[in-house]
Amino acid sequence: MDWLEYENKAYSKGFDIVCGVDEAGRGPLAGPVYAAAVILPPGHIIEGVNDSKKLSEKKRDLLFDRIVDECLCYNIGIATEKEIDEINILQATFLAMRRAVDGLDLKPDIALIDGNKKPGLDIVEWDIIKGDSKSANIAAASILAKVSRDRYMLEMAEKYPQYQFEKHKGYGTKLHYEMIEKYGISPIHRKTFLKKILNNE
């Protein structure tokens, strides 16, 4: 497994600064969608970094700190639940990705994007299917996005304890649907994801 295949391909084509971009939270019923952009030093692999979905919460937290310490720079971008409702989840994900890249202290020449669609950055974009298990920079971005979003949802669990966000992070679990049924929707719920429930009220 060559974690630097795409990075090295980019360097060989004359790109100097390569960033990885990934998102977290496209599927949940509540909260923003998060994206992270990460620029690792050329040739740098952080041991244990992988697609965030393949790692335990504890491992992700440890790697989050290592990535922040060892990367050249990183940035987190979000699109709110209101923006998701206004422009749809795909466009909101692209918006979060653009915000993540635009906020980097270093201007990358190229972005390696997880997935099969390009968010419309003002730099060269390579979309890589399952990129979070193929590219060191995308894998690092997947961890930063996931951990950042989970930490936000833990804050929301304190603000809206009745929904038990700490247990499901906003995803559509049986418990989450039961809590919505019992308490209605909160200000951080995505209304477009809950049309059936809202139409029945």
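This is a predicted model: local features need pLDDT of at least 70, side-chain atom pairs count only at pLDDT 80 or more; totals for chains, interfaces and linings use all residues.
## About the model

Local features here need pLDDT of at least 70, side-chain atom pairs count only at pLDDT 80 or more, and totals for chains, interfaces and linings use all residues. Residues are numbered from 1 along each chain as its sequence is written, and side-chain values use heavy atoms, without hydrogens and water.

## Helix α1

Let's start with α1, residues 5-12, where Tyr6, Glu7 and Ala10 are buried (under 20% relative accessible area, with a 1.4 Å probe and protein chains only). These residues lie on the same side of α1 because they cover an arc of only 105° around the axis, taken from the directions from the helix axis to the C-beta atoms. The buried residues of α1 pack against β1 (18-24), β4 (110-114), β5 (124-128) and α5 (136-159). After α1 comes Gly14, with a positive phi near 100°.

## Where α2 meets α5

Two packed helices are described by the angle between their axes and the distance between the axes. For α2 (residues 57-70) and α5, the angle is about 120° and the axes are 9 Å apart.

## A closer look at Lys146

Leaving aside neighbours within four places in sequence, Lys146 touches Ala24, Ser52, Arg60 and Tyr171.

Methods
Buried means under 20% relative accessible area, exposed over 50%, partly exposed in between (1.4 Å probe, protein chains only). Helices (H or I, at least four residues) and strands (E, at least two) are DSSP runs, numbered from the N terminus. Contact means heavy atoms within 4.5 Å. Axes are lines fitted to C-alpha atoms, for helices over the stretch in contact, and angles run from 0 to 180 degrees between N-to-C directions.
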